[in-house]
Amino acid sequence: MTYMEIAEQLQQEISAGGFAPGSKLSARGIADRFAVSYLTGNRALNTLTERGLVRRKPRGGSYVNGEPEKNFLIGYSIEHYLQNAFNQTAGVFRKMLLNEFRQYSCKVRMLSLDDWNPDWLGDLDALLFSHEINNEQQKVAESLGIPVIQFYGETIRNHPFHQVVIDLESGYRELFGHISPERFRRAIIVTGEEKTLAGRGRLAERFLREAGFSRDQIEFIVADNLLPERNWPTWKELGKRCRGCFIFTCGDYLAAGLVSALMTEQIAIGRDVALAGYDNLEEYGFLPFGKPMITAVGYSRRDVASAIAKLLRTLIREPDVMNCQTILRIPTRLVFRETMRPDNSAETGQAHKIQKNGIQSV
């Protein structure tokens, strides 16, 4: 028998009451019963799980559900970047999120920024935005009468939807606790004109002022473009005067070109200048810098994916929860690497993870 034939037979038996709710099933037991390989038995069990007839508990076995569970349909609207590099890094999170949805028997319809016909969205059970929402999109989303979550950046938006936001302050507090005028003669913030980057820069300035830096000791450098090659002249000029300084970059793409330019100016990053940034994309396999590895503040993409999937699941299954707006704050954490020592004496040949707080619900 094929695994599909076995799954069909077991489904009929479950529907006819041949297995009581909560009965345990195993791939080995299925294989022995139908005289097939373990792999075939496991594929049949996976099929029953996908159909909502069986629930698998992590490290706890597989059990018959009381009734088949509906496969909820989630609309996922995400910003598409023109540059392949941006899409590559965003793809790490998408993969994690889609995997989380699969664990909850949810199907996903990927939406482009133009897919805002209510007829096309009318069969959705929930909607997830991963971009800024304009007025038209907000009106359409509100008219659907389904749970809506926005996950986009570090700012709570002024709209009625549930939101998942990144808490910059937790990781910033760890980082800037190691920065002082006694240790560095100046602090340089490398940012951009884009609103999110500018916000990160303003928060960095606030922490530097709290650490005792005067306005004259803090310099802002606003990059013309996120792409490394566009800012090469700016980075080269900075390399001539940054010894003894602390540099904070408001995004890993800004750090990519800066690191290369400083090295061509014979600046030893981590010794002549300390450098830290925001994003920590290197932890997720995006390595545009080569060496040295960047000290960074970032957040767990896996924690975000898990939080979004659990929240959507709760909102769909418990409609009363929708009456209260939920805002989840995802903490950031600091990872020390080669470009900055945690103090004057400690060499950091390996990454040291400083802190990971729990997700806060507001």
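**Figure 1. The largest nonpolar core of the predicted model.** The largest nonpolar core in this predicted model holds 72 residues, of which Y172, F176, F246, I247 and I308 touch the most other members. A nonpolar core is a set of buried Ala, Val, Leu, Ile, Met, Phe, Trp, Tyr and Cys residues joined through side-chain atoms within 4.5 Å. Buried means under 20% relative accessible area, exposed means over 50%, and partly exposed lies in between (1.4 Å probe, protein chains only). Helix α11 (residues 301-317) gives the most to this core, with 9 residues. Helices (H or I, at least four residues) and strands (E, at least two) are DSSP runs, numbered from the N terminus. Leaving aside residues up to four places away in sequence, I308 touches F93, L97, F101, L128, I149, F151 and V164; contact means heavy atoms within 4.5 Å. Another core, of 17 residues, lies apart from it and includes A27, L53, V54 and V64. In soluble globular proteins, nonpolar side chains tend to be buried together.

Residues are numbered from 1 along each chain as its sequence is written, and side-chain values use heavy atoms, with hydrogens and water left out. As this is a predicted model, local features need pLDDT of at least 70 and side-chain atom pairs count only at pLDDT 80 or more, while totals for chains, interfaces and linings use all residues.

**Figure 2. Strand β3 and its two partners.** Strand β3 (residues 61-64) has a covered face, formed by S62 and V64, and an uncovered one, formed by G61 and Y63. Strand β1 (residues 24-25) pairs with β3 in the antiparallel sense over 2 bridges, and L25 stands opposite S62. Strand β2 (residues 54-57) also runs antiparallel to β3, the two being joined by 4 bridges; here V54 stands opposite V64. Two strands pair if DSSP finds at least two bridges between them. Both V54 and V64 are among the members of the 17-residue core.

**Figure 3. The salt bridge between R200 and E154.** R200 and E154 form a salt bridge in which the closest N and O atoms are 3.0 Å apart. A salt bridge is a side-chain nitrogen of Lys or Arg within 4 Å of a carboxyl oxygen of Asp or Glu. The pair links distant parts of the chain, 46 residues apart, with R200 in helix α8 (residues 195-210) and E154 in the loop between β7 and β8. Both residues are buried. Besides R200, the residues that E154 touches include I166, L168, T196 and Y278, not counting those up to four places away in sequence.

**Figure 4. E219 and its two arginine partners.** The side chains of E219 and R186 meet in a salt bridge (3.6 Å, N to O). E219 lies in strand β10 (residues 218-223) and R186 in strand β9 (residues 186-192), so the pair ties together parts that are 33 residues apart in sequence. E219 counts as buried at 17% relative accessibility, and R186 counts as partly exposed at 23%. R241 also forms a salt bridge with E219, with the closest N and O atoms 2.8 Å apart. This second pair links R241, in the loop between α9 and β11, to E219 in strand β10, 22 residues apart. R241 is partly exposed, with a relative accessible area of 31%. Elsewhere, salt bridges that share partners join E169, R173, R206 and E210 into one network, and a search of the whole structure finds 17 salt bridges.

**Figure 5. The surroundings of G244.** G244 is found in the loop between α9 (232-239) and β11 (245-249) and is partly exposed, with a relative accessible area of 32%. The C-alpha atoms of G244 and F184 are separated by 5.8 Å, although these residues are 60 residues apart along the chain. G244 touches F184, R185, R186 and D272, not counting residues up to four places away in sequence.

**Figure 6. Two loop residues with a positive phi.** Most residues other than glycine have a negative phi. A35, although not a glycine, has a positive phi of about 55°. A35 lies in the loop between α2 (27-34) and α3 (38-50) and is exposed, with a relative accessible area of 70%. D279, likewise not a glycine, has a positive phi of about 130°. D279 lies in the loop between β12 (274-278) and β13 (295-299) and is buried, with a relative accessible area of 12%.
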